[in-house]
Amino acid sequence: MDVAALSGRRVLVLNAGSSSLKASVLEIDERGRVANDGRPLAATQTEWGSDATRVADRRATVERALNSLWAGGVGRDSITVAGHRVVHGGTRFRGATLIDDAALTELEALGDLAPLHNAVAIDTLRAQRDLMPDVLAVAAFDTAFHATLTEQAYVYPLPWAWYEDWGIRRFGFHGLSVAWSVRRAAELLARSPDELCLVVVHLGSGCSVTAVQSGRSISTSMGLTPLEGLTMGTRSGSVDPGILLHVMRQRGLSADRLAEVLDHESGLLGISGVAGDMRAVSDAAAGGNARARLAIDIFVRRAAAGIAVAATSLLRLDAVVFTGGIGEHAADVRAQIVARLGPLQLEPLGEPVGSGDGLLSAPEAGIAVLRVAAREDIVIAEAAATVAH
């Protein structure tokens with residue numbers, strides 16, 4: 001493909017996450033990369049709250065976001081393609097895909113595997129296609145980056161028929177964020193991604209850890225759904241499955257009620273009783289709230305354990321990369337996680353330097369610790385421009 005033909009193309013990016021809708025317009029240069037050093041021509045963000053599925057009129061939210069972009073001076077008629085983040089692509093969608101009615105129907109069939117995310121993304125896709133019928137829609141999938149996982153990484157220790165007949169397997173998520181983190185880490189370390197062994201730690205309302213070797217995902221903490229793995233904002237992460245059987249049998253919880261608890265009432269919120277937002281929990285802990293302090297301690301402990309597990313999949317560990325809202329901004333939490341990783345030869349972090357992408361560890365440290373701002377929008381825009389070309 002002649003990437004130079006993409007030069008000047010403007011891409012609308014709609015990143016419908018579990019807690020916010022981020023909308024932006026980015027321009028593609030002659031290399032097929034986002035121009036202007038990644039700066040959007042216009043951008044806006046609308047908070048859904050801790051759970052986007054509880055927003056009654058998501059179409060209206062999309063319309064407001066689009067109107068905000070047009071009011072910012074970007075001509076609506078200059079947009080030829082829209083890129084959307086979709087969390088779960090299953091085995092059907094293994095790369096960015098042009099979305100038509102048939103593809104939307106296939107996406108809807110995957111809804112139960114990512115109930116906090118896919119329904120929101122599908123509503124956003126439908127709204128964009130209705131409001132901008134002449135603009136092509138392309139979906140970029142968080143699961144696609146993890147298509148390189150091997151059987152030993154994605155098959156669960158369950159009856160083989162569950163995998164072979166029912167498709168029960170690990171998929172992994174946050175792939176768009178991980179892809180960008182790998183690219184930026186290579187730039188910051190002045191090395192090729194093919195040379196690096198990294199653990200990427202995405203900490204936000206959802207949290208995951210991914211081991212990346214030579215630019216390929218080889219292990220990741222989230223599973224069939226985005227519920228497995230680390231402690232999250234309102235999601236439990238991994239728990240003893242015997243607990244779930246116990247509360248269903250002994251306490252009468254239905255499957256629907258259990259899903260509500262695990263997705264919406266657990267994690268930081270469930271432990272602290274304060275919120276699913278790390279900022280609010282940290283403020284409460286600083287004010288003497290013991291449960292809030294415990295929630296942070298558990299969050300830190302489980303994040304460190306996840307990093308250690310991921311590192312065992314690598315030939316060596318060159319760097320740990322923190323990204324996501326908590327990973328980028330919660331310096332105390334980040335430092336506490338790194339402090340638990342002495343057995344991996346990570347050195348404690350000093351005072352945080354600046355606020356942008358960069359090295360957080362000492363320059364001479366054997367294992368680098370990096371902070372990278374999450375820029376799924378860049379990955380989505382470049383993929384959408386390429387697919388729609």
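This is a predicted model: local features need pLDDT of at least 70, side-chain atom pairs count only at pLDDT 80 or more; totals for chains, interfaces and linings use all residues.
How are H11 and H13 oriented to each other: oblique or roughly parallel? Residues are numbered from 1 along each chain as its sequence is written, and side-chain values use heavy atoms, with hydrogens and water left out.

**View 1. Packing of helices H11 and H13.** The two helices pack at an angle of about 50°, with their axes 9 Å apart; axes are lines fitted to C-alpha atoms, for helices over the stretch in contact, and angles run from 0 to 180 degrees between N-to-C directions. H11 and H13 are therefore oblique to each other, a class that remains after roughly parallel (under 35 degrees), roughly antiparallel (over 145) and roughly perpendicular (65 to 115) are set aside. The crossing of H13 by H11 is right-handed, that is, the near helix is turned clockwise from the far one by less than a right angle. From H11 the contact (heavy atoms within 4.5 Å) draws on Arg293, Ile296, Asp297, Phe299, Val300, Ala303, Ala304 and Ile307, and from H13 on Val333, Gln336 and Ile337. These residues comprise eight nonpolar, one polar and two charged; Ala, Val, Leu, Ile, Met, Phe, Trp, Tyr, Cys and Pro count as nonpolar, Asp, Glu, Lys and Arg as charged, and the others, Gly among them, as polar.

**View 2. The largest nonpolar core, with 45 residues.** Such a core is a set of buried Ala, Val, Leu, Ile, Met, Phe, Trp, Tyr and Cys residues joined through side-chain atoms within 4.5 Å, where buried means under 20% relative accessible area, exposed over 50% and partly exposed in between (1.4 Å probe, protein chains only). Val199, Leu203, Ile307, Phe322, Val333 and Ile337 have the most contacts inside this core. Two or more residues each come from strands E7 (197–203), E8 (207–213) and E10 (319–323) and from helices H10 (278–286), H11 (290–311) and H13 (331–339); helices (H or I, at least four residues) and strands (E, at least two) are DSSP runs, numbered from the N terminus. H11 gives the most, ten residues.

View 3. Alanine 310 is buried, at a relative accessible area of 3%. Beyond four places in sequence, alanine 310 is in contact with Val199, Val209 and Ala211. Valine 200 lies 110 residues from alanine 310 in sequence, yet their C-alpha atoms are 9.2 Å apart in space.

**View 4. Serine 177 in helix H6 (residues 175–188).** The relative accessible area of serine 177 is 1%, and the residue is buried. Not counting residues up to four places away in sequence, serine 177 touches Asp142, His202, Thr323, Ala374 and Glu376.

View 5. Histidine 174 is buried, with a relative accessible area of 6%.
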